[in-house]
Amino acid sequence: MLATKTKTVRRELKSILGENLKEKEVLAPYTSFKIGGEADYFFRAKRIDELTNAVLTARELGIPYFILGKGNNVLVSDEGFRGMVIKNECRKTEVCDTTIACQSGTLLKDLVNSARENSLQGFEFLAGIPGTVGGAVFGNAGAFGKSIGEYTEEAVLLTSSGNIEIVGREYFDFGYRYSKLKKTMDVLLSVSFKLKKGRKESIGKRIEQVWEKRKKSIPYNKKSAGCFFKNVKDKGISAGYLLDQVGAKKMSVGEAKVFSKHANIIINSKNAKAKDVKKLARILKERVKKRFKINLEEEVIYLGKFNQRRLPIDNI
Ligand SMILES: Cc1cc2nc3c(=O)[nH]c(=O)nc-3n(C[C@H](O)[C@H](O)[C@H](O)COP(=O)(O)OP(=O)(O)OC[C@H]3O[C@@H](n4cnc5c(N)ncnc54)[C@H](O)[C@@H]3O)c2cc1C
């Protein structure tokens, strides 16, 4: 009975999404951690109508789905994902006066470049943050005390009820590494940002300075998802500081290691498993909890099934 249902769903999915639909696609190459098993289905959306069609089809057929940008903030389970990963590659951008409007699959580096090319200042802080605009708005990405939400003007969403709606910044309820998209099933289709006129040369210089600063502490040549945990904003303490105090920089599980120059970054040093990263993260959290009575929260999103059983803490 179940097998028949699966076959019907598969046939319908194929007939609607066509030959661009892949099956049993390994997800590791689509993430910055380079970790993760197969997705049952994988669809690359290059146009907004393809993106909405894929989401609505998955909802209609009752298939779990996940919108993937550049995979810089996700840890995919070794068992992969039982559902459809929809990779967002909708990347059109338009600039009008001091507004940049772009589709949600636009790369942040292209957004930063568009701003500079059009002598628009404000987005220099985004230089060096990898990923798409969709992922950045979802988690209100930021650095140096600034975040993308502050510049958001209007957005077009595919809502959880299947409508296309235009919303303003207040809708997102932006906070530290938070937007309302984390609670709803809304999909960000496109968004516009308001910037200020500036001088191209000084914008370019600031971008370079940001890059120089970031390169000193962030391992761009290693496989990671950037900072693993959120800072503890209500206490004004960085997660990196707390982790450093509990000796994180010397810790590892299998081939998942804490980066020696930044205690809040876990790296896949070779062929780490998702379960190793997850276990290392759990140990780090436990140590911080024990010493400081503080619960660290993940900034990284887990995708797929992770064994909830508490594995013995060894090899550290
Ligand atoms: C080396 C490195 C440095 C980093 N530095 C920073 C930093 O300084 N500051 C910072 O904030 N982050 C940083 N990050 C994390 C990451 O770059 C950001 O979170 C980025 O915004 C993720 O974008 P993405 O496209 O890769 O999102 P993904 O990892 O693909 O997805 C992240 C989440 O967003 C959701 N999502 C993606 N697109 C949409 C959409 N269109 N609609 C609805 N939901 C969507 C996904 O479903 C998922 O839940 C860093 C990561 C790395 C690897």
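A polar backbone atom of Gly-142 sits 2.7 Å from a nitrogen atom of the ligand. This is a predicted model, and in it the protein covers 94% of the 990 Å² of accessible area that the ligand has on its own.

- At Gly-135, a polar backbone atom is 3.5 Å from a nitrogen atom of the ligand.

**The shell around the ligand**
- There are 33 residues around the ligand, and those that come nearest are Ile-67, Gly-69, Pro-130, Thr-132 and Gly-142.
- Sorted by class, the shell has 14 nonpolar, 14 polar and 5 charged residues.
- At least two shell residues come from each of β3 (65-68), α4 (133-138), β13 (187-194) and β15 (223-227).
- Helix α4 gives the largest share, with 4 residues.

**Helices α3 and α5**
- Helix α3 (residues 108-117) packs with helix α5 (residues 200-217) at an angle of about 150 degrees, and their axes are 9 Å apart.
- Because angles over 145 degrees count as roughly antiparallel, α3 is roughly antiparallel to α5.
- On the α3 side, Val-112, Arg-116 and Glu-117 make the contact, while α5 brings Lys-200, Ile-203, Gly-204 and Ile-207.
- By class, this contact of α3 with α5 has 3 nonpolar, 1 polar and 3 charged residues.

Technical notes: Residues numbered from 1 in each chain as written. Predicted model: local features only at pLDDT ≥ 70, side-chain atom pairs only at ≥ 80, totals over all residues. Heavy atoms only, no water. Near = heavy atom within 4 Å. Polar contact = N/O pair within 3.5 Å; in protein donor to acceptor, adjacent residues only side chain to side chain. Areas by Shrake-Rupley, 256 points an atom, 1.4 Å probe, with all protein chains shown as cover. Nonpolar A, V, L, I, M, F, W, Y, C, P; charged D, E, K, R; others polar. Axes fitted to C-alpha atoms, helices over the stretch in contact; angles between N-to-C directions. Parallel < 35°, antiparallel > 145°, perpendicular 65-115°, else oblique. Contact = heavy atoms within 4.5 Å.
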